[in-house]
Amino acid sequence: QVQLVESGGGLVQAGGSLRLYCAASGRSLAGYVMGWFRQSPGKEREFVASIAWSGLTTNYADSVKDRFTIGLHNAKNTAYLQMNSLKPEDTAVYYCNLGPTAFWPGNYWGQGTQVTVES
């Protein structure tokens, strides 16, 4: 059974930084993609960033490009999302997702972690 456990997040002032982690267990991650979505009250869940487990391909939403960086700690089966220059509009619950490359986003979701950016 695949399990995704998120950590990180919290409260930060605008312009600050946070790092999120998503640890995966239960299967080999070769050929899979991990990424993050976020959802704020009254809005649909939106894509933030993704990375192939090979580490060779990353994608970012335009709204976070040049501010967020997604990466891997392969040995720990963990992905991270480094968030810099945070803005109040980045406030949301962030969910990590895991799925095979051809069918991403997949069916595996983390529990979600709150990120709040105060102006």
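Modeller: One point before the questions: this is a predicted model. Start with the aromatic rings: Phe37, Phe47, Trp104 and Trp109 are linked by ring pairs into a cluster.

Biologist: How many aromatic pairs does the count come to?

Modeller: The rule asks for ring centres within 6.5 Å. By that rule, the number of aromatic pairs is 4.

Biologist: Phe37 and Trp104 form an aromatic pair; what is its geometry?

Modeller: The ring centres of Phe37 and Trp104 are 5.4 Å apart, with 35 degrees between the planes. Stacked needs under 30 degrees, and edge-to-face needs over 60. So 35 degrees falls in the remaining class. The pair is tilted.

Biologist: How many residues apart in sequence are the parts that Phe37 and Trp104 tie together?

Modeller: Phe37 and Trp104 are both buried. Phe37 belongs to strand β4, while Trp104 belongs to the loop between β9 and β10 (108-109). The separation in sequence is therefore 67 residues.

Biologist: Which residue does a cis peptide bond join to Trp104?

Modeller: Most peptide bonds are trans. Here omega is about 0 degrees, and the bond is cis.

Biologist: Now the charges. Which residues are linked in a network of salt bridges?

Modeller: Side chains of opposite charge can pair when their charged atoms come close. Asp90 bridges to Arg38, with the closest N and O atoms 2.9 Å apart. Asp90 also bridges to Arg67, at 2.8 Å, and the network is made up of Arg38, Glu46, Arg67 and Asp90.

Biologist: How many residues apart are Arg38 and Asp90?

Modeller: Both Arg38 and Asp90 are buried. Arg38 is in strand β4 (residues 32-39), and Asp90 is in the loop between β8 (78-83) and β9 (92-100). This pair links distant parts of the chain, and the separation is 52 residues.

Biologist: Asp62 forms a salt bridge with Lys65. Which class of accessibility does Lys65 fall in?

Modeller: The closest N and O atoms of Asp62 and Lys65 are 3.2 Å apart. Asp62 has a relative accessible area of 68% and is exposed. Lys65 has 40%, between the limits of 20% and 50%, so Lys65 is partly exposed.

Biologist: Over which ring does the charged end of Arg45 sit?

Modeller: The charged end of Arg19 sits over the ring of Tyr80, 4.2 Å from the ring centre. For Arg45 the distance to the ring centre is 3.9 Å. That ring belongs to Tyr95.

Biologist: Which residues have the most contacts inside the largest nonpolar core?

Modeller: In soluble globular proteins, nonpolar side chains tend to be buried together. The largest core here has 30 residues. Several strands each supply at least two of its residues, including β3 (18-25), β5 (46-52) and β11 (113-118). The residues with the most contacts inside the core are Trp36, Leu81, Met83 and Tyr94.

Biologist: How many residues apart in sequence are the parts tied together by Cys22 and Cys96?

Modeller: A search of the whole structure finds 1 disulfide. Cys22 and Cys96 form it, with sulfur atoms 2.1 Å apart, and both cysteines are buried. The link is right-handed, with 55 degrees about the S-S bond. Cys22 is in strand β3 and Cys96 in strand β9, so the separation is 74 residues.

Biologist: Asp66 and Asn77 each have a positive phi. What is the value for Asn77?

Modeller: Most residues other than glycine have a negative phi. Asp66 lies in the loop between β6 and β7, is exposed at 78% relative accessibility, and has a phi of about 75 degrees. Asn77 lies in the loop between β7 and β8 and is partly exposed at 23%. Its phi is about 50 degrees.

Conventions: Residues are numbered from 1 along each chain as its sequence is written. This is a predicted model: local features need pLDDT of at least 70, side-chain atom pairs count only at pLDDT 80 or more; totals for chains, interfaces and linings use all residues. Side-chain values use heavy atoms; hydrogens and water are left out. A salt bridge is a side-chain nitrogen of Lys or Arg within 4 Å of a carboxyl oxygen of Asp or Glu. Helices (H or I, at least four residues) and strands (E, at least two) are DSSP runs, numbered from the N terminus. Buried means under 20% relative accessible area, exposed over 50%, partly exposed in between (1.4 Å probe, protein chains only). A nonpolar core is a set of buried Ala, Val, Leu, Ile, Met, Phe, Trp, Tyr and Cys residues joined through side-chain atoms within 4.5 Å. A disulfide is a pair of cysteine sulfur atoms within 2.5 Å. Rings of Phe, Tyr and Trp (its six-membered ring) pair if their centres lie within 6.5 Å; planes under 30 degrees apart count as stacked, over 60 as edge-to-face and the rest as tilted. A charge sits over a ring if NZ of Lys or CZ of Arg is within 6 Å of the ring centre and within 35 degrees of the ring normal.
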